[in-house]
Amino acid sequence: MTTVLVVHGQSLQRLGLRLLLAAQPALTVIGEAAGAAEAIRTSERLHPDVVVMDGGGLGPSGVETVRRVARFSRVLLLSPSGDDAPMYAALRAGAGGFVLPDVTPEQLAAAVHAVAVGDAVVSPGLTRELIDAVRRERPVGVAAPDRTHRLDSLTGRERAVLTAVARGCSNAEIAERLSIAPTTVKSHVSHILTKIGARARVQAVTFAYETGLVRPAQPLPTPEPQRWTGALAAAA
């Protein structure tokens with residue numbers, strides 16, 4: 001059973017989200033919060049698996065809220081398209097992904113479950129914007145010294161695993177490509193996250209793009225919200 005905290009500034013929206021999520025299999029809503037301070041306090045007290053948070057109008061204070069909430073729980077943001085820089089900042093702060101507000105209840109539930117286990121979810125309508133934000137944040141292949149140092153700390157096999165993760169491969173697909181056991185892939189991913197200072201796969205993916213290990217490319221078309229096993233796009 002995945003536990004969820006709902007965060008939204010509007011009481012009617014909170015109620016709707018709570019009822020919608022509570023009706024889905026294997027989800028339990030254990031609380032709600034109306035604002036940033038309450039979200040942080042409640043996350044620290046309840047430690048829900050996932051915090052579903054309104055990401056509309058996400059500014060510096062909102063990104064900081066994501067950063068603080070992500071210390072206790074994984075974060076899934078409901079965010080309209082159109083403002084990619086804050087979304088990218090939220091990913092770096094620890095958000096596990098974004099979905100558009102018009103997702104179906106089943107799609108939202110699937111996104112919550114995916115984020116709960118460390119995968120990441122981004123709706124196709126937001127993927128292109130995030131790639132553009134990566135490019136503007138730092139020219140491809142030009143990494144800050146601390147990121148370069150962290151990249152250099154990875155072994156050759158760990159780099160290969162991180163590259164595959166950033167290209168959207170699941171653990172099973174990585175295992176097949178590298179001829180290793182899925183449990184070994186899981187161990188490598190855990191070591192990678194520790195070495196680069198990332199909480200979840202999505203932060204590892206942004207790290208791979210920022211350092212130039214993987215270069216952005218146009219995302220593949222998909223008919224429904226795209227479940228990442230950690231990819232901003234299918235990279236060339």
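Which residue of β2 stands opposite Val-4? The residue is Val-29. The model is predicted, so local features need pLDDT of at least 70 and side-chain atom pairs count only at pLDDT 80 or more, while totals for chains, interfaces and linings use all residues. Residues are numbered from 1 along each chain as its sequence is written, and side-chain values use heavy atoms, with hydrogens and water left out.

**Overall make-up**

- The chain's secondary structure comes to 11 helices and seven strands; helices (H or I, at least four residues) and strands (E, at least two) are DSSP runs, numbered from the N terminus.
- Of the 236 residues in the chain, 50% are buried; buried means under 20% relative accessible area, exposed over 50%, and partly exposed in between, with a 1.4 Å probe and protein chains only.
- Among contacts between residues at least 6 apart in sequence, 70% join residues at least 24 apart; a contact means heavy atoms within 4.5 Å.

**Strands**

- Strand β1 (residues 2-7) has five of its six residues buried, so β1 is largely enclosed by the rest of the structure.
- β1 and strand β2 (residues 27-33) run parallel and are joined by six bridges; two strands pair if DSSP finds at least two bridges between them.
- Strand β4 (residues 74-78) is mostly covered, with four of its five residues buried.
- On one side of the pairing list for β4 is strand β3 (residues 50-54), joined to β4 by five bridges in a parallel arrangement.
- β4 is also joined to strand β5 (residues 95-99), by four bridges, and these two run parallel.
- Leu-76 of β4 has Val-52 opposite, and Leu-76 also stands opposite Gly-97 in β5.

**Helix α2 and His-47**

- In helix α2 (residues 36-46), the buried residues are Ala-39, Ile-40, Thr-42 and Ser-43.
- His-47 follows α2 and has a positive phi, near 50°.
- The loop between α2 and β3 holds His-47.
- With a relative accessible area of 45%, His-47 is partly exposed.
- Leaving aside residues up to four places away in sequence, His-47 touches Thr-3, Thr-42, Phe-72 and Ser-73.
- One of these, Phe-72, is 25 residues from His-47 in sequence, yet the two are 5.7 Å apart in space, C-alpha to C-alpha.

**Nonpolar cores**

- A nonpolar core is a set of buried Ala, Val, Leu, Ile, Met, Phe, Trp, Tyr and Cys residues joined through side-chain atoms within 4.5 Å.
- The largest such core has 23 residues, and Val-161, Leu-162, Ile-174, Val-185 and Ile-196 have the most contacts inside it.
- Helices α8, α9 (171-178), α10 (182-196) and α11 are the elements that give two or more residues to this core.
- Val-161 touches Ile-174, Leu-178, Val-185, His-188, Val-189 and Ile-192, when residues up to four places away in sequence are not counted.
- A second, separate core has 20 residues, including Ala-39, Val-63, Ala-70 and Leu-91.

**Helix packing**

- Axes are lines fitted to C-alpha atoms, for helices over the stretch in contact, and angles run from 0 to 180 degrees between N-to-C directions.
- Angles under 35 degrees count as roughly parallel, over 145 as roughly antiparallel, 65 to 115 as roughly perpendicular and the rest as oblique.
- The axes of helix α8 (residues 156-166) and helix α11 (residues 201-210) come within 9 Å and cross at roughly 105°, which makes α8 roughly perpendicular to α11.
- α8 supplies Leu-162, Val-165 and Ala-166 to this contact, and α11 supplies Arg-201, Ala-204, Val-205, Phe-207, Ala-208 and Tyr-209.
- The α8 and α11 contact has eight nonpolar residues, no polar ones and one charged one; Ala, Val, Leu, Ile, Met, Phe, Trp, Tyr, Cys and Pro count as nonpolar, Asp, Glu, Lys and Arg as charged, and the others, Gly among them, as polar.
- α8 also packs with α10 at an angle of about 95°, their axes 10 Å apart, and the two are therefore roughly perpendicular.
- Arg-157, Glu-158, Val-161, Leu-162 and Val-165 of α8 meet Val-185, His-188, Val-189, His-191, Ile-192 and Lys-195 of α10.
- By class, the contact of α8 with α10 has six nonpolar, two polar and three charged residues.
- Helix α1 (residues 11-22) and helix α5 (residues 105-116) have axes that come within 10 Å and cross at roughly 80°.
- Leu-17, Leu-20 and Leu-21 of α1 make this contact with Pro-105, Leu-108 and Val-112 of α5, giving six nonpolar, no polar and no charged residues.
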